Amino acid sequence: MKSPFHVMIIPTLGCPSRCHYCWSSDEGSPIMSIETVREIAAWLKDYRSDQVTITFHGGEPLLAGAEFYRQALPILSGALARLAPTFALQSNLWLLTPEMAKIFAEYHIPIGSSIDGPEAITDAQRGKGYYQKTMRGYEIATANGLEVRFICTFTNKSVEQKEEIVNFFLKSGFPLKLHPALPSLRSENPKEWALEPEEYGKLLVYLLDTYLENLGKIEIMNINDLCKCIFTRHGTVCTFVDCMGTTLAVGPDGSIYPCYRFVGMPEYVMGNVRDRPTQEDLARSDAWKLMHAFKDYVDRECAGCAHIRYCRGGCPYNAIAPTNGEVRGVDPHCTAYKRIFDEITDRLNSEMFGSADMGMGGFGPRSRRKGKPGIMAILQTMATK
Ligand code: SF4
Ligand code: SF4
């Protein structure tokens, strides 16, 4: 079976927004040149033979302008035709114009954007005017037939208003994809907005209950993914698979990193597209070795965990970036992952096998408690979509 292969292109780390908890934008970041896009295409065409998904990410990728995409998309889709590339975009949409939207529509590009709930909550976390600017872009995107989904970042402040936030998504009909605010390594007070792992775990259980109460009325993508992980015994999002090697990112100057989260951190550069590195070349870099040291660490440290097959220690960035590149632990969100994986496992076992296992095996070795039914309903809802 061929592996999924995901390449993130970061045209710039610059961003016109000033979200309070941002950990990645960089005001002085240059914009990628079209020559670098050509180098990316020339490198990727011989790098692997798997189907490739290319996501334009940032910073804010629309800062590159319409002309960048008018040239970049045909260059990439033409040179990589053998890899059947599909494209995606992650953007706050402030700079989206009808001209750009038409270019993206031509390539059927789905858009991930970000709002944190109702206008007042979004603007309190992301800056005054953010919500309206994103919604203007949303109107342009949908008027041109583009599909937009929103990531909702929960901080240690907005989690207090979780009911209001979920109601907003419920009423607006937007699917909800939750993102926990990470400690910002560029801030003097990195934990000012970060959602603590225990709170994150509680929030996931709350979202599971809310989802079950409103099944068919709202889609909560994280809960879908978590249920799918347990049912298939395999991670279905990057956090819960060994992402090393199957995900790469290219920064504005053509530098290659393990993931967009590391872009702009020189110690994580694995090579540059202009040198056309092979997988073997990248594997000789310190960053590649560090990512694999994390994988080996997870194999040892999580060996006794019931969820290791579909958790894989969580996100390596979360684990190693705050410790300056030392592998000292798994993803600090482990507490949250265990909490929600246990909850779903118990409920699924209870639904499938009753409160007792009856010798039929089941999902995970934990002792079984009676729980609310409903996980099967989530799986069925996903299957019928
Ligand atoms: S480092 Fe984290 S965010 Fe990046 S691909 Fe891996 S799991 Fe996903
Ligand atoms: S839940 Fe925690 S202990 Fe279990 S596999 Fe994930 S990171 Fe490791």
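This is a predicted model: local features need pLDDT of at least 70, side-chain atom pairs count only at pLDDT 80 or more; totals for chains, interfaces and linings use all residues.
Colleague: Why does Arg126 count as buried?

Modeller: A residue is buried if 20 or more other C-beta atoms, placed from the backbone, lie within 10 Å of its own, exposed if 12 or fewer, and partly exposed in between. Arg126 has 23 C-beta neighbours inside 10 Å and therefore counts as buried. Arg126 lies in helix H4, residues 119-126; helices (H or I, at least four residues) and strands (E, at least two) are DSSP runs, numbered from the N terminus. Leaving aside residues up to four places away in sequence, Arg126 touches Ser17, Cys19 and Asp116, where contact requires C-beta atoms, placed from the backbone, within 7 Å.

Colleague: Why does Met244 count as partly exposed?

Modeller: Met244 has 19 C-beta neighbours inside 10 Å, so it counts as partly exposed. Met244 belongs to the loop between H8 and strand E7 (247-250). Between the C-alpha atoms of Met244 and Cys259, 15 residues apart in sequence, the distance is 8.5 Å.

Colleague: What makes Ala84 and His108 exposed?

Modeller: Ala84 is exposed because 11 other C-beta atoms lie within 10 Å, and His108 is exposed because 12 lie within 10 Å. Although Ala84 is not a glycine, its phi is positive, about 45°. His108, not a glycine either, has a positive phi of about 50°. Ala84 is in the loop between H2 and strand E3 (86-90), and His108 is in the loop between H3 and strand E4 (111-114).

Colleague: Why are H2 and H3 called roughly parallel?

Modeller: Two packed helices are described by the angle between their axes and the distance between the axes. Axes are lines fitted to C-alpha atoms, for helices over the stretch in contact, and angles run from 0 to 180 degrees between N-to-C directions. Angles under 35 degrees count as roughly parallel, over 145 as roughly antiparallel, 65 to 115 as roughly perpendicular and the rest as oblique. The axes of H2 (residues 66-79) and H3 (residues 98-106) cross at roughly 15° and come within 9 Å. H2 and H3 are therefore roughly parallel to each other.

Colleague: What makes H8 roughly perpendicular to H14?

Modeller: H8 (residues 221-232) and H14 (residues 375-384) pack at about 100°, with axes 10 Å apart. H8 is therefore roughly perpendicular to H14. In this contact, H8 contributes Ile223, Asn224, Cys227, Lys228 and Phe231, and H14 contributes Ile375, Ile378, Leu379 and Met382.

Colleague: How is the shell around ligand 1 divided by residue class?

Modeller: Ala, Val, Leu, Ile, Met, Phe, Trp, Tyr, Cys and Pro count as nonpolar, Asp, Glu, Lys and Arg as charged, and the others, Gly among them, as polar. The shell around ligand 1 has six nonpolar, two polar and one charged. Among its residues are Cys238, Thr239 and Arg261; a residue is near a molecule or strand if its C-beta atom, placed from the backbone, lies within 6 Å of it.

Methods
Residues are numbered from 1 along each chain as its sequence is written. Chains are lettered from A and ligands numbered from 1 in the order in which they are written. Two residues are in contact if their C-beta atoms, placed from the backbone, lie within 7 Å.
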